[in-house]
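Reader: I would like to go through this structure with you, one feature at a time. May we begin with a helix and then turn to the aromatic residues?

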Amino acid sequence: MAALEADEAGAALDHIITQFNAYDDYLDSQITTQDLFYLENEEMARQLVELGFRGSGEVLKREEFEARKAAAEASRLSERTQQKTLSSAGKELKDNFLKALAEREEANRNGKMASIIFIRDRNSRGQEVSAYIDYAHRLKVDEFEIYFNGKKKLFPRRTDLSFYNWDRNVSTSNASPNYQVIAENACGLLFKNKCDRKIVNVDPKAYPGDSTTRTPIATDLYLQVVIYDHILRRKT
């Protein structure tokens, strides 16, 4: 019951903050024509409302009004900034792979998730290549808007966590800011997250690891795509 009353009070205050641009506007809404008739001074009427001698109910203090107003404005700015930083924002995405990237973009940018993307496809020479890509890292070094716009494809690179050219039998592996590569292991290729030190196992027949899910993506853009989502639980 107490929690419900607190929520209702909070909602009422939020409504006040939204309704009035300035504290004096809020005070003016509490002044009646009768108040002005007897006082003959608008500023004095405001002061009486602020002190609690006029108006209906408990009057919101100036400091609290301004603090809540500033917090609301900061929240709006933060939301707008976040929308601007998301490369997928406002894009009409049709392919499942691009939709999957968009769904994971914000979490990979803010550090709540560290996804590894496996892509297998053919390069410009017709050779079959594949790579395990650190999505969060690529978001920082690539311009993803061109991928979401469909002007260019996200493609395997030799600088990714693990790259393999199936036709030439050439492979490379590289650590990233988020993952350490464990290549020579009886369990096959493993990736160790540098934040929580947990292992991501990319063997399709094996358990992917704690806090990790394996999701195959049906797409027309590549021969094969699998996304490994590793959830990061930061200490509070």
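Reader: Which residues are buried in α6?
Author: In this predicted model, the buried residues of α6 are F97, L98, A100, L101, R104, E105, A107 and N108.

Reader: How many residues does helix α6 have, and what is its reach?
Author: Helix α6 covers residues 96-109, which makes 14 residues. From first C-alpha to last it reaches 20 Å, close to the 20 Å expected at 1.5 Å a residue.

Reader: Where is the kink in α6 centred?
Author: The kink is centred on E103 and amounts to about 35°.

Reader: What caps the N-terminal end of α6?
Author: D95 does, with a side-chain oxygen 2.8 Å from the backbone nitrogen of F97. After α6 comes G111, which has a positive phi near 85°.

Reader: Turning to the aromatics, how many aromatic pairs are found?
Author: A search of the whole structure gives 9 aromatic pairs. In one of them, Y132 and F191, the ring centres are 5.5 Å apart and the planes are at 55°, so the pair is tilted.

Reader: Which strands hold Y132 and F191?
Author: Y132 lies in strand β2 (residues 128-134) and F191 in strand β6 (residues 190-193), so this pair ties together parts that are 59 residues apart in sequence.

Reader: Are Y132 and F191 buried or exposed?
Author: Both Y132 and F191 are buried. Y132 and F191 also belong to one aromatic cluster with F118, Y179 and Y228.

Reader: What lies over the face of Y222?
Author: K153 does, at 4.6 Å from the ring centre.

How values were computed: Residues numbered from 1 in each chain as written. Predicted model: local features only at pLDDT ≥ 70, side-chain atom pairs only at ≥ 80, totals over all residues. Heavy atoms only, no water. Phe/Tyr/Trp six-rings, centres within 6.5 Å; stacked < 30°, edge-to-face > 60°. Helix = DSSP H or I, 4+ residues; strand = E, 2+ residues; numbered from the N terminus. Buried < 20%, exposed > 50% of the residue type's maximum accessible area, 1.4 Å probe, protein only. Lys NZ or Arg CZ within 6 Å of the ring centre and 35° of its normal. Expected span 1.5 Å × (residues − 1). Bend = angle between axes of the 7 residues up to and from the residue. Polar contact = N/O pair within 3.5 Å; in protein donor to acceptor, adjacent residues only side chain to side chain.
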